[in-house]
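Thank you all for making time this morning. I would like to walk you through one protein chain, moving from its overall layout to a few single residues, so please have a look at it before I go on.

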Amino acid sequence: MNEKTMKAVVFNRYGGPEVLEYVDHPVPRLEAGEALVKVHAVALNGYDLMARSGRYKPNKGVFPHILGGDFGGEVIEVEPSSGCDIAPGTRVTSWWILPCGDCEQCMAGHHNRCARNYRYLGAHVPGAYAQYVKHPALQLLPLPDNVSYEEAAAFPNAFGTAWHMLVERARLRPGETVLVNSASAGVSMAAIQIAKLNGAYVYTTSSADWKLEKARELGADEVINYNDVDFQEEIMKRTGKRGVDVVVEHVGGDFLDKSIRSLTRGGRLVTVGGTASYECTIQVNYIFHKELQIIGSNSATLRDMEAMMPLLASGALKPVIDRVFPLDEAADAHRYLEEGKQSGKVILRIEH
Ligand SMILES: [Zn+2]
């Protein structure tokens, strides 16, 4: 039987960017509940680099593997038993988590905490660095007309993660002050916009003035270059020794303790990662003395994604794209992301 093939970027062993190969690969076959999407753009995420290098092996070491959790594309086919009424031709992006759906956490609506089989697209199953990807049909999100495929790809992980942190976990309220660490990360650029939309006053930090200028354009009220000054001392100075109500943290390492010490009494730190390091030393006396909360956050729920779609349509939320590479230059895109010089999302464009 002739199998349909597509262009895809795969890897057959863990390693540097050079392990990524642009090849002909079988088009995914639909199973119950799934839809086939023609991919026009896919975003890189930090966890792509970790999966490629073998820092974690989520696909159980099955090769070849295809990365890519965030895509913009058009629906080609919907498996009939899916219960999904999205018509072929509809432009979509998606909620990228693949929960079991019936463990105690999923039953309680916390699919992002799935206790039995937490997986996500491009990590635990083949992703969208390809001309076609399959995904649960009910997790597709129709795109507003004003959102390009590149913007669609830049949206889910960055905005979903930031929304879940600030709205669902930190319960941000109007008038509160927020410190967003490391302004140029995709999740930070989303967090700045979401915090402003919720009526907060936003401080943000970065290592470069040009990145801070971009953060200002996104709505940050005050910016701090942490290469020039100690950001914790600077936050205390600028807030009259009060500190901020909420910190958005994903850097880890030394940043965590400094972030905790940037909080006001009763403040909340919400953490979603440790890009610099998972090993953090903290001073516990700040936590009990000031009654601080350290709050974990993981990815997003479908409800988070759906809540944002009208804001994406109105332009209130704007995905930020740093650079677009063609799919066959995925290895160069990985090198570029590893250099950390980007400000916004790095995208692969897929031709047909
Ligand atoms: Zn579950």
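This is a predicted model: local features need pLDDT of at least 70, side-chain atom pairs count only at pLDDT 80 or more; totals for chains, interfaces and linings use all residues.

Domain 1 is made of residues 5–155 together with 319–349, while domain 2 covers 159–296. Where domain 1 and domain 2 are in contact, eight residues come from domain 1 and eight residues from domain 2. On the side of domain 1 that touches domain 2, those residues divide into two nonpolar, five polar and one charged.

Let me step back to the chain as a whole, which has eleven helices and 17 strands. Along its principal axes the C-alpha trace spans about 70 × 40 × 40 Å. For 352 residues a compact globule would have a radius of gyration near 20 Å, and the value for this chain is 20 Å, which agrees. Of those 352 residues, 48% count as buried. If we take the contacts between residues at least 6 apart in sequence, 67% of them join residues at least 24 apart.

Two packed helices are described by the angle between their axes and the distance between the axes. In our case, the axes of helix α4, residues 156–169, and helix α10, residues 302–314, come within 9 Å and cross at roughly 100 degrees. Which residues in α4 and α10 meet? From α4 they are Pro 156, Phe 159, Gly 160, Trp 163, His 164 and Glu 168, and from α10 they are Asp 304, Met 305 and Met 308. By class, this contact of α4 with α10 has five nonpolar, two polar and two charged residues.

Staying with α4 for a moment, the helix is mostly covered, with eleven of its 14 residues buried. Among the buried ones are Phe 159, Trp 163 and His 164, each of which also takes part in the contact with α10. Following α4 we find Arg 171, whose phi is positive, near 50 degrees.

Ser 182, in the loop between β10 and α5, has a positive phi of about 55 degrees although it is not a glycine. Is Ser 182 buried or exposed? With 22 C-beta neighbours inside 10 Å, Ser 182 counts as buried. Ser 299, in the loop between β15 and α10, likewise has a positive phi, near 50 degrees, and Ser 299 is buried, with 21 other C-beta atoms within 10 Å.

Another backbone feature is the cis peptide bond that joins Phe 63 and Pro 64, with omega at about -5 degrees. Pro 64 lies in the loop between α1 and β4.

Finally, I would point you to Glu 79, which sits in the loop between β4 and β5. With 17 C-beta neighbours inside 10 Å, Glu 79 counts as partly exposed. Leaving aside residues up to four places away in sequence, Glu 79 touches Leu 30, Ala 32, Gly 33, Glu 34, Ala 35 and Ala 137. Cys 106 is 27 residues from Glu 79 along the chain, and their C-alpha atoms are separated by 23 Å.

Notes. Residues are numbered from 1 along each chain as its sequence is written. Helices (H or I, at least four residues) and strands (E, at least two) are DSSP runs, numbered from the N terminus. The radius of gyration is taken over C-alpha atoms; the globule rule is 2.2 Å times the number of residues to the power 0.38. A residue is buried if 20 or more other C-beta atoms lie within 10 Å of its own, exposed if 12 or fewer, and partly exposed in between; C-beta atoms are placed from the backbone. Two residues are in contact if their C-beta atoms, placed from the backbone, lie within 7 Å. Domain bounds come from an automatic or database domain assignment. Ala, Val, Leu, Ile, Met, Phe, Trp, Tyr, Cys and Pro count as nonpolar, Asp, Glu, Lys and Arg as charged, and the others, Gly among them, as polar. Axes are lines fitted to C-alpha atoms, for helices over the stretch in contact, and angles run from 0 to 180 degrees between N-to-C directions.
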